Amino acid sequence: MKVIVVGLGQCGGRIADEFARMNKRAVSERRVLIITGAYAVNTDEADLTGLRTIRSDYQHRILLGGRKTGGHGVGKINELGAQIAREDTDKIVDAIRVTERIYETDAFLIVGSTAGGTGSGSLPIVVEIVKERYRGKPVYALGVLPFEHEEHAELRSVSNTATCLKSVYSVADAVFLADNQRYLRKDASLRYNMEEINKQIVSPFFNLLCAGEEKKRKYIGARVVDAGDIIQTLGGWTAIGFGTSGLSLFKVPFERKRDFRKKGTETHKGLQAMDEALSELSLDCRPRDAGSALYLLSAPSKEMNMDTIKEIGDYLKELAPDATIRSGDYPRERGEVNITLILSQLSDIDRVKEYYYKLTDSIPVVKKREEEVEAKLRVLEEAWAGVPVFSAKANHPPA
Ligand SMILES: Nc1nc2c(ncn2[C@@H]2O[C@H](COP(=O)(O)OP(=O)(O)OP(=O)(O)O)[C@@H](O)[C@H]2O)c(=O)[nH]1
Ligand SMILES: [Mg+2]
């Protein structure tokens, strides 16, 4: 599957940059092209400069709102992010239009954090614009949810997230959610290591996008997962995960909660990788709430057999009884069995509901705070009323 990735704001831009690196890896290691265009859009010039892989011309690193923001971002005001994206639509559309392989591209992925200003405000707008221009192609969003500490410290994070999620859900063909907080579970030091989190957000897409683009027979599975399967699966709220199980040593590192019936080692490894994919999903959700699911088993071809694929499918069916499940195999990896898992059309997500509740609760608090700030400013203004002001034009007498 070939995708155009557009990253919005700091977070979105860096993740798009990571996708661009992933594409380089696909080209050099596997001779397949998976990202036909990678773009970063921001109101902040320094953020654009800091990217490493996206081409550095103005049509790949697109600066919006020049005069309005002076190149310094919108400071979390997502209404302003949305407004600037609306006004500068042409810049984004013109850049995408000249993508060389646009006709071979299967879908768009528009990425941004939900809590910031630029990314969260422009995400729904850009999704809508791209959808209008490219009617035949699905447009997916990838929204990055804030850390818990950000939600506590800054009510704006909550209100930005709620408005972004609601707006983007109504326009995108599917919304992948990646929860920053989830990546801290294993390693709390990641709080300060965005690059590593971004790698973990992007890496599950690698096999998924490569599998359908392979040309050599030995890398083509018995049942290929191609763009059609992925497009059929994706809709609404979506989580993605990746799990792996080594081949060198057959040992279970710790006791699993779920007890597997005795199976051949291949199957066991497949199930173990599936278990890991489930626990490493980009979002905390319940498989039973999924309306569709897709899994891709990648392993050396001798490690795969139809039994394994079937067992994994049965296992997933037990966990996600209401989901239409699609699947495939990808004979690629050396030394490991791994699973890429998508749960889509999720009907109920606590994390999303939470934002709406929190937002409703926080509206009066935010309003009160804004009124307090205004009142303080008024007091300050009054206190300063008698102080003269120097200006280029004239020395004003005290008011
Ligand atoms: N995963 C990840 N999250 C990030 C990254 N950069 C920022 N964030 C998160 O994104 C949110 C802040 O949004 P930003 O993307 O920085 O904001 P922006 O879209 O540039 O908007 P403004 O700076 O307000 O104009 C916070 O929740 C951060 O934790 C990143 O590189 N990776
Ligand atoms: Mg920014």
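These are my notebook entries on what I looked up in this predicted model.

**Ground rules**

I number residues from 1 along each chain as its sequence is written, and chains are lettered from A and ligands numbered from 1 in the order in which they are written. Because the model is predicted, local features need pLDDT of at least 70 and side-chain atom pairs count only at pLDDT 80 or more, while totals for chains, interfaces and linings use all residues; side-chain values use heavy atoms, with hydrogens and water left out.

**Entry 1: strand 5**

I began with strand 5 (139-145). Helices (H or I, at least four residues) and strands (E, at least two) are DSSP runs, numbered from the N terminus. How many of the seven residues of strand 5 are buried? I found seven of the seven buried, so strand 5 is largely enclosed by the rest of the structure. Buried means under 20% relative accessible area, exposed means over 50%, and partly exposed is in between (1.4 Å probe, protein chains only).

In a regular strand the side chains alternate between the two faces of the sheet. On one side of strand 5 I listed Val-139, Ala-141, Gly-143 and Leu-145, and on the other Tyr-140, Leu-142 and Val-144; all are buried. Strand 4 (residues 107-113) runs parallel to strand 5, and six bridges join them. Two strands pair if DSSP finds at least two bridges between them. I noted Leu-109 opposite Tyr-140 in strand 5.

**Entry 2: strand 8**

Next I looked up strand 8 (residues 292-299), where eight of eight residues are buried. Both of its faces are covered, with Ser-292, Leu-294, Leu-296 and Ser-298 on one side and Ala-293, Tyr-295, Leu-297 and Ala-299 on the other. Its partner is strand 9 (residues 324-331), which runs parallel to strand 8 and is joined to it by eight bridges. Ser-292 stands opposite Thr-324 in strand 9.

**Entry 3: helix 9**

Which residues of helix 9 (residues 194-202) are buried? I noted Ile-197, Asn-198, Ile-201 and Val-202. They cover an arc of only 130 degrees around the axis, which puts them on the same side of helix 9. The arc is that of the directions from the helix axis to the C-beta atoms. An α-helix has 3.6 residues a turn, so residues three or four places apart point the same way. The cover over the buried residues of helix 9 includes helix 1 (9-30), strand 5, strand 6 (174-179) and helix 10 (205-211).

**Entry 4: Asn-78**

I found Asn-78 in helix 4 (residues 78-87). Is Asn-78 buried or exposed? Its relative accessibility is 8%, so Asn-78 counts as buried. Leaving out residues up to four places away in sequence, I listed its contacts (heavy atoms within 4.5 Å): Asn-78 touches Gly-116, Gly-117, Ser-120, Gly-121, Arg-156, Asn-160 and Thr-163.

**Entry 5: salt bridges**

A salt bridge is a side-chain nitrogen of Lys or Arg within 4 Å of a carboxyl oxygen of Asp or Glu. A search of the whole structure gave me 30.

One of them joins Arg-52 and Glu-195 at 2.3 Å, N to O. This pair links distant parts of the chain, 143 residues apart: Arg-52 is in the loop between helix 2 (45-49) and strand 3 (61-63), and Glu-195 is in helix 9. Arg-52 is exposed at 52% relative accessibility, whereas Glu-195 is partly exposed at 37%.

I also looked up Lys-68 and Glu-87, whose closest N and O atoms are 2.7 Å apart.

Arg-97 forms a salt bridge with Asp-94 at 3.4 Å between the closest N and O atoms. Both residues lie in helix 5 (residues 89-97), three residues apart, about one turn of the helix.

I also noted a network of salt bridges linking Glu-151, Asp-179, Arg-351, Glu-354 and Lys-358.

**Entry 6: positive phi values**

Where does Arg-31 lie? I found Arg-31 in the loop between helix 1 and strand 2 (35-42). Its phi is positive, about 60 degrees, although Arg-31 is not a glycine. Arg-31 is exposed, at 68% relative accessibility.

Gln-345 is in the loop between strand 10 (336-344) and helix 14. The phi of Gln-345 is near 50 degrees, again positive in a residue other than glycine. Gln-345 is partly exposed at 37% relative accessible area.
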